[in-house]
Amino acid sequence: MQNMQQQSEILCPPNTVREGMAGDLGDVVSVREAGYSCGVARRTLIWDSARYLFQGALDEEFRTVLLLMAIRIFDVPAYFRVILTSIGFFSMIFTPLTQQLANRSRWNNTQVSAFYFTLMGVAFLGAAFATSWAIFFFFVVIARVCDKQQIPLMLNVYADNYARRGRGFRVGVALACMPIGGIIFSQFAGYFLDKNPNHFCYLSFLASFLALGCALCFLRIPARKAAMERHPPLWDNFKLLAKDRLFTLILLFYSFVAIANQMTLPLRVEYLAGHRRGLDISYGTILAIFAVIQPLASVLSGPIWGKFYDRVSLVTMRQCVTACFLVGIPLFFATDDINMIYLASILLGIGRSGGVIFWSLWVANVAPKRELGEYMSVNAAVMGFRDALAPIFGYFLLIYGGPVVVGVAAFLLLMFSMLGFEYIHGRPAYRERMAAAGQ
């Protein structure tokens with residue numbers, strides 16, 4: 001019996017075993033609970049990794065295939081193409097409302113997530129058979145909105161199914177599957193479109209099956225339905241910004257990092273393609289930087305960031321991720337050396353991986369467990385607002401100041417963020433929350 005208990009503690013973190021029991025009966029219950037928790041964590045990791053593999057492919061569908069269809073097949077007006085690229089981010093402002101509606105339903109979070117991706121599958125199918133740009137636009141908007149509404153729902157599942165000590169590593173492993181799916185899909189889509197340049201609809205049809213695959217994976221992830229003690233107003237979640245000052249400060253200083261990164265994402269392609277300053281960079285090299293080098297850096301660094309997240313404080317994790325952007329973004333815009341551009345791209349890929357893990361989990365270290373969904377929905381709403389406006393700000397700086405100004409502005413935002421997190425680190429409220437979270 002003692003050997004069985006030791007094995008269960010190796011496979012699962014100690015806090016999955018119920019304390020306070022004595023004797024053989026207590027040992028039996030502890031081992032059974034530890035085994036159950038291990039099984040839940042393992043099953044969650046397997047199916048979450050599978051859905052991220054599908055979702056990575058869907059992200060490439062959004063970024064490339066649907067935009068090409070809008071331009072080459074349906075000749076969607078330019079104004080509506082801009083809406084297609086930004087509507088997903090703007091729709092995240094409504095995640096507190098949809099999260100409240102999900103709480104009031106009889107479904108748990110993974111079932112609601114499966115519902116969103118089922119709707120996405122239907123929307124992709126409609127886009128594949130669309131006969132006019134208006135119908136195509138309608139279905140793509142539905143797909144983009146459903147894709148973003150699901151984001152706040154998994155944090156509760158991670159908090160329930162993963163012990164605190166190994167949560168970051170498991171989420172990091174799952175997230176590493178996302179760029180793998182994107183790389184596979186982009187390579188297949190490129191090869192297919194080279195052979196069949198006018199058959200975009202088949203890729204949209206494929207995306208429908210990928211979305212349904214995500215839905216099935218969500219249904220396989222164990223989740224519980226939390227009992228609702230009250231039904232607050234639908235917009236009540238936003239009151240957390242006024243009620244919880246520490247949460248708001250972290251959101252504020254984290255937003256500076258996100259804006260610095262997001263405002264430079266579309267500009268990196270334009271910088272390499274249109275601002276070469278004597279360096280002849282081929283389009284194949286540009287595609288390799290953004291479709292291979294950065295995703296591979298994200299894949300390889302994801303589990304490492306996850307382990308790191310489990311072992312260090314929240315601020316330490318955030319500062320290390322920010323340091324990657326602090327070096328990578330200015331280096332990318334300030335050099336003509338292709339090897340330095342490669343290095344900057346690797347740093348940005350590593351930083352993106354750590355940033356995604358941090359964004360997915362940091363709320364669990366700050367928010368009360370009963371309110372994780374509410375806090376995460378506000379986090380998603382703020383993310384959508386800033387990510388929609390950041391590229392506009394970046395293009396404004398590029399037009400009136402040039403790439404160097406963009407790099408300097410990003411550098412200053414990142415430095416201000418690092419100073420802000422150092423301020424947070426010294427606050428008693430932060431130390432109390434981290435102690436309560438086991439850090």
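How many aromatic pairs does a search of the whole structure find? I got 25 aromatic pairs, counting Phe, Tyr and Trp rings (for Trp, the six-membered one) with centres within 6.5 Å.

Ground rules first. This is a predicted model, so I keep local features to pLDDT of at least 70 and side-chain atom pairs to pLDDT 80 or more, while totals for chains, interfaces and linings use all residues. Numbering runs from 1 along each chain as its sequence is written, and side-chain values use heavy atoms, leaving out hydrogens and water.

I looked up W305 and F308: their rings sit 6.0 Å centre to centre with 70° between the planes, an edge-to-face pair (planes over 60 degrees apart). Both are in helix α13 (residues 283-311), and being 3 residues apart they are separated by about one helical turn; helices here are DSSP runs of H or I, at least four residues, numbered from the N terminus. W305 is buried at 9% relative accessible area (buried is under 20%, with a 1.4 Å probe, protein chains only). F308 is partly exposed at 27% (the class between 20% and 50%).

Next, helix packing. Helix α8 (residues 164-195) packs on helix α9 (residues 200-220) at about 155°, axes 10 Å apart; axes are lines fitted to C-alpha atoms over the stretch in contact, with angles from 0 to 180 degrees between N-to-C directions. That makes the two helices, α8 and α9, roughly antiparallel (over 145 degrees). On the α8 side I noted F185, F188, A189, F192 and L193, meeting F200, Y202, L203, L206 and L210 of α9 (contact is heavy atoms within 4.5 Å).

Definitions and conventions: Phe/Tyr/Trp six-rings, centres within 6.5 Å; stacked < 30°, edge-to-face > 60°. Parallel < 35°, antiparallel > 145°, perpendicular 65-115°, else oblique.
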